[in-house]
Amino acid sequence: TMPQRLPLNIADQPYFQQAMANGDFAVSQYQISPINSQAMITLAYPVLNGQNSPQGIVFANFDLRWLGAFMNASALPADSTLRVIDRNGIILASYPDGEFEIGQRMPELSIIGPLLDQQAGLTQARDAKGVARLYAYTSLHAGANSDVYMILGIPTEATFAESNIALQRNLLGLVIGAVLALSIAWLGTQFFFLRQVNSLVNVTQRLTAGDLGARAGWGSGEGELGQLAQAFDEMAVTLQRREQEQLWAKAQIQKQTERAEALARIAGRLNAKLELDSVLQEVCDETS
C-alpha cells in the first residue's frame with residue numbers, strides 16, 4: 001500500500017458501480033493506478049447494511065507484477081505461454097514474457113476471442129509467430145460481467161511428443177511381435193506341416209514310379225495328416241496285395257496255358273501215331 005495524499009473519487013469506476021448494483025464481488029478491467037502509476041486491477045466487494053443493501057465497497061488494488069511472478073514459478077512445458085486477460089483481451093499477467101506484455105492486447109485474440117463466449121474449451125491454432133499451439137482456456141468468474149480469462153498455450157509438437165514416442169514404441173513392439181509371430185509360424189509350418197506334406201508327396205511319387213512297397217510310416221495321433229498318411233499306407237498295402245494276386249493269377253494262367261499246350265502236343269503226337277498205324281494196317285491188308 002502507498003499513502004494517498006489527494007482525495008480520490010471512484011464512484012464513476014465500473015467496478016464500483018457493478019459491486020453496488022449487483023451486491024456481488026467485482027473485478028475491474030486493466031488500469032493504471034492514479035496513485036503509483038502501476039499496472040493493476042481492482043478487487044471490490046460491497047458493504048451491506050442490515051437490509052442487505054450495499055452502502056459502500058471495500059476494494060484493493062492488485063499489482064499485476066505479483067501475478068506474473070506467480071505464473072513464472074509454474075512448471076510448464078518448454079515454449080509454453082500462460083496469460084491472464086480481461087474481457088477486452090488486455091493481458092493482465094503473462095508467462096514467460098512477464099510484465100513486458102502487461103497492458104498489451106493479446107496478439108492471438110483474433111483466433112481465441114470468438115471462443116471465449118464458451119467460458120472454457122480447447123482449440124488448436126497458430127500463434128502470432130506461426131507456431132502451432134494447443135490452447136486451453138477457462139474463465140475465472142469474479143462476479144457479474146467481471147470475467148477474467150486464463151489461456152494456456154502449449155506447442156503442439158511438445159503436447160504430442162510423449163504420445164508420439166509411446167506410439168512409435170508401441171508400433172515398433174508391434175512390428176517386432178508380428179515378425180516373431182510370422183517367423184514362428186513359418187518355422188512351425190516348415191517343420192510340422194510342410195515336412196509331413198513333403199513326406200506324403202515323396203511316397204506318392206515312389207508309388208507312381210511303381211514302388212508299391214513305399215510307406216509313409218507315420219504313427220497314430222499326428223492329427224488329420226496322420227490319418228491321411230495311415231489311409232495312404234492302407235491304400236498302398238491294398239494295391240500291393242492286388243498286384244501280388246494279379247501276378248499269382250498270371251502265373252497260374254501261364255501254367256495252365258503251358259499244360260494245355262503240352263497236352264495239345266501230346267494229343268497231336270497220338271493222333272499222328274494213330275494215323276500212321278492205320279496206314280500201316282491198310283498196307284498190310286492190301287499185301288495179304
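## Overview

A residue counts as buried when its relative accessible area is under 20%. By that cut-off, 26% of the 288 residues in this chain are buried. The model is predicted.

The chain has six helices and nine strands. It exposes about 19,500 Å². Carbon and sulfur atoms supply 58% of that area. Take the contacts between residues with a separation of 6 or more: 37% of them involve residues 24 or more positions apart.

## Confidence

The average pLDDT of the chain is 75. A score of at least 70 is reached by 74% of the residues. Where pLDDT is low, predicted coordinates should not be read in detail.

## Strand S5 and its partners

Strand S5 covers residues 81-85. Five of its five residues are buried. Thr-81, Arg-83 and Ile-85 point one way from the strand. Leu-82 and Val-84 point the other way.

S5 pairs with S9 through five bridges, and the two strands run antiparallel. Thr-81 stands opposite Gly-153 of S9. Leu-82 has Leu-152 as its bridge partner there. S9 itself spans residues 148-155 and is mostly covered, with six of its eight residues buried.

S5 also pairs with strand S6 (residues 91-95). Four bridges join them, again in an antiparallel arrangement. Arg-83 stands opposite Ser-94 in S6. S5 and S6 form a hairpin, with five residues between them. In the turn, Gly-89 has a positive phi of about 85°.

Arg-133 lies in strand S8, which runs over residues 132-140. Is Arg-133 buried or exposed? Its relative accessible area is 8%, so it is buried, the cut-off being under 20%.

How many salt bridges does a search of the whole structure find? The search finds one. It joins Arg-133 to Asp-127, and the closest N and O atoms are 2.8 Å apart. Asp-127 is buried too, like Arg-133. In general, side chains of opposite charge can pair when their charged atoms come close.

Arg-133 has a further polar link. Its side chain reaches the backbone oxygen of Gly-153 at 3.4 Å. Gly-153 is also the residue that stands opposite Thr-81. Both Gly-153 and Thr-81 are in contact with Arg-133. Leaving aside neighbours within four places in sequence, other contacts of Arg-133 include Asp-79, Ser-80, Thr-123, Gln-124 and Ala-125. Ile-154, Pro-155 and Thr-156 are among them as well.

## Phe-16 in helix H1

Phe-16 is found in helix H1, residues 14-22. Which residues does Phe-16 touch, not counting those up to four places away in sequence? They are Ile-10, Ala-11 and Ile-57.

Tyr-45 is 29 residues from Phe-16 in sequence. In space, the two are 8.6 Å apart, C-alpha to C-alpha.

Notes:
Residues numbered from 1 in each chain as written. Predicted model: local features only at pLDDT ≥ 70, side-chain atom pairs only at ≥ 80, totals over all residues. Heavy atoms only, no water. Buried < 20%, exposed > 50% of the residue type's maximum accessible area, 1.4 Å probe, protein only. Contact = heavy atoms within 4.5 Å. Areas by Shrake-Rupley, 256 points an atom, 1.4 Å probe, with all protein chains shown as cover. Pairing = 2+ DSSP bridges. Polar contact = N/O pair within 3.5 Å; in protein donor to acceptor, adjacent residues only side chain to side chain. pLDDT = per-residue confidence, 0-100. Salt bridge = Lys/Arg side-chain N within 4 Å of Asp/Glu carboxyl O.
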